[in-house]
Each structure stands twice: as structure tokens, then as C-alpha cells.
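Q: I have a structure open and would like to learn how to read its features. Could you take me through them step by step?

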Amino acid sequence: MTNELSIQVQNVSKQFGEKIVLQDITLAVPKAHIFGLLGPSGSGKTTLVRLIAGIDAPSSGTVHVLGQRMPQLAMLSQIGYMAQSDALYAELTALENLEFFAALYGLTGTKRKKRIQEVMELVDLSAHMKKQISIYSGGMKRRLSLAVSLLHEPQILILDEPTVGIDPLLRKSIWEELTNLSRQGTTILVTTHVMDEAEKCHQLGMIRDGKLTAVGNPEALKKATSSSTIEEAFLYYGGAEA
């Protein structure tokens, strides 16, 4: 691993009208790290990942990804983003969805075909390739959304609660793949509510009411709070619902 930073967030705040959603957030994610964002619902995690993905702009402060100031359209080809809500075309089949997104990312010919097969194998949907999305279950849609985000082998992978509704066995294999990707140099930012997933991250950021309350590796956060589990540390830093 290198000390090179893939993601830099500097004094970022975000307001929607009078509502302050993020307050003075500063964090840095080194290249090839898995950085986990932990926080209760409504804490600001999704807003923060949207700013990093370049989908929205901060009210103040700066976001840089791979050295480029965000938001920037040209950076989309470097980023794989999986939102909480599945951005899929329900009237198309899984294959048609993947072909559409592959074309957006400039994948053609043999390379496109190969990547579609690889990502569908990873999410265990190869047998459902020609089915219309409208008949997919919620969990299958999540898996397909993950496949779409991985399609173009992005340098930065931003996943907003990627394993919600996915069975434990498949969740384990997805996390094995994320670990492999990080070993190969991919930087991964993931939001999660699942504590055993948090343990698999190189670094964690605890977020509460739009503020970053702690950043560190899982062991350091447990040690700092005299906790035996990440869940205890999470509760210490205000993770419990008020």
C-alpha cells in the first residue's frame, strides 16, 4: 500500500435550505484502502458519498478524487458508484442494463462481453442474465447494481450500503472480492450498518448528525474506547439512535 491519497475531503459542509446535513468534514483515504463510513440512518453518510462521487457539490469546503476537484464530469469513468436506490431500467433485462452501462463507460466488443460475464458471476446472477429487471427481487437488484458499479474496473469504488438484502453467504464472497480489489490497487469507500463488515475495513469514519466523530482503524477505535467490539465503539461515539 502507498501513502498516496485517492480521496481528500477538506472542511466540507452541506446545507439543503436551512437544514445543515454535513458540518466541517475532513477526511483522507489512501490509495488501495477500504474506508468504511458508519453511522445511524440520517447521519449524513449518503450525502457525503454523493459529494465524493461528484453527484452533488458541497456548500463549502473541497472534495478531491485522484487529485481532481469534484464534481467533475470527466472523473465519472474513474469512479464506480452504487447508490442506496437501484438505478436500473426495470423494462430491460439484466444483460440489456449491463450493455447500456458498458456502452456509457466505453466498453466494446470482447472486453465488454468478458466484463459482463465476470461481474455477473461475482454477484451470482449469471443464470438470470436474460430476465427482465421488473421480476427481480430486491436483493437481486442490489446485486445487479453492484455488478454495474464494477463493470468498468474503476480506480475508485463508492458503495452505499451494498449488501442490504443480500444473503450472508453471498455477502461473504462480495467482501472477499472487495478485499481482492483493494489488494490490486482499487480504493473503496463503503457505508454500512453491518458491524462485521466494518471490521474488514482498513479505516473507519464514525458519523453522527452530520459530524465526523472519530476516524481510525477498527483496532485503534476499539482501544480508544476500551471496547471489545466495533459495535461498542460505535455506540460510544454516538452511534445509538437518540
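Q: Which side chains meet in a salt bridge with a distance of 3.9 Å, N to O?
A: A salt bridge is a side-chain nitrogen of Lys or Arg within 4 Å of a carboxyl oxygen of Asp or Glu. Here the side chains of E153 and R115 form one, at 3.9 Å from N to O. This pair links distant parts of the chain: E153 sits in the loop between α4 and β7 (156–160), while R115 belongs to helix α3, 38 residues apart. Helices (H or I, at least four residues) and strands (E, at least two) are DSSP runs, numbered from the N terminus. Bear in mind that this is a predicted model, where local features need pLDDT of at least 70, side-chain atom pairs count only at pLDDT 80 or more, and totals for chains, interfaces and linings use all residues. Residues are numbered from 1 along each chain as its sequence is written, and side-chain values use heavy atoms, with hydrogens and water left out.

Q: Is R115 buried or exposed?
A: Buried means under 20% relative accessible area, exposed over 50%, and partly exposed in between (1.4 Å probe, protein chains only). R115 has a relative accessible area of 11%, so it is buried.

Q: Which residues are linked with R115 and E153 in a network of salt bridges?
A: The network also takes in K111, K114 and E118. Within it, K114 and E118 meet at 2.8 Å, N to O. Both lie in helix α3 (residues 109–122), four residues apart, which is about one turn of the helix.

Q: How many salt bridges does the structure hold?
A: There are 13. One of them joins the side chains of R171 and E197, at 3.2 Å from N to O. R171 is in helix α5 (residues 168–183) and E197 in helix α6 (residues 195–198), so this pair ties together parts that are 26 residues apart in sequence. E197 counts as buried because its relative accessibility is 1%, and R171 is buried too, at 18%.

Q: What is the order of the strands in the open sheet of four strands?
A: Two strands pair if DSSP finds at least two bridges between them. The order here is β2-β1-β4-β5, with antiparallel pairing. β2 (19–30) and β5 (68–69) are the edge strands, each pairing on one side only. Two bridges join β4 (residues 60–65) to β5, and H64 stands opposite R69 in β5.

Q: Which strands does helix α1 lie across?
A: Contact means heavy atoms within 4.5 Å. Axes are lines fitted to C-alpha atoms, for helices over the stretch in contact, and angles run from 0 to 180 degrees between N-to-C directions. Helix α1 (residues 45–53) lies across β1 (5–16), β2 and β4, running at about 125° to β1. Seven of the nine residues of α1 are buried, so the helix is largely enclosed by the rest of the structure. Among them are L48, V49 and I52.

Q: Which residues touch the most other members of the largest nonpolar core?
A: A nonpolar core is a set of buried Ala, Val, Leu, Ile, Met, Phe, Trp, Tyr and Cys residues joined through side-chain atoms within 4.5 Å. The largest has 46 residues, and L98, M120 and L144 touch the most other members. Helix α4 (residues 138–150) gives the most to this core, with six residues. A second, separate core of 23 residues includes L22, L37, I52 and V63.
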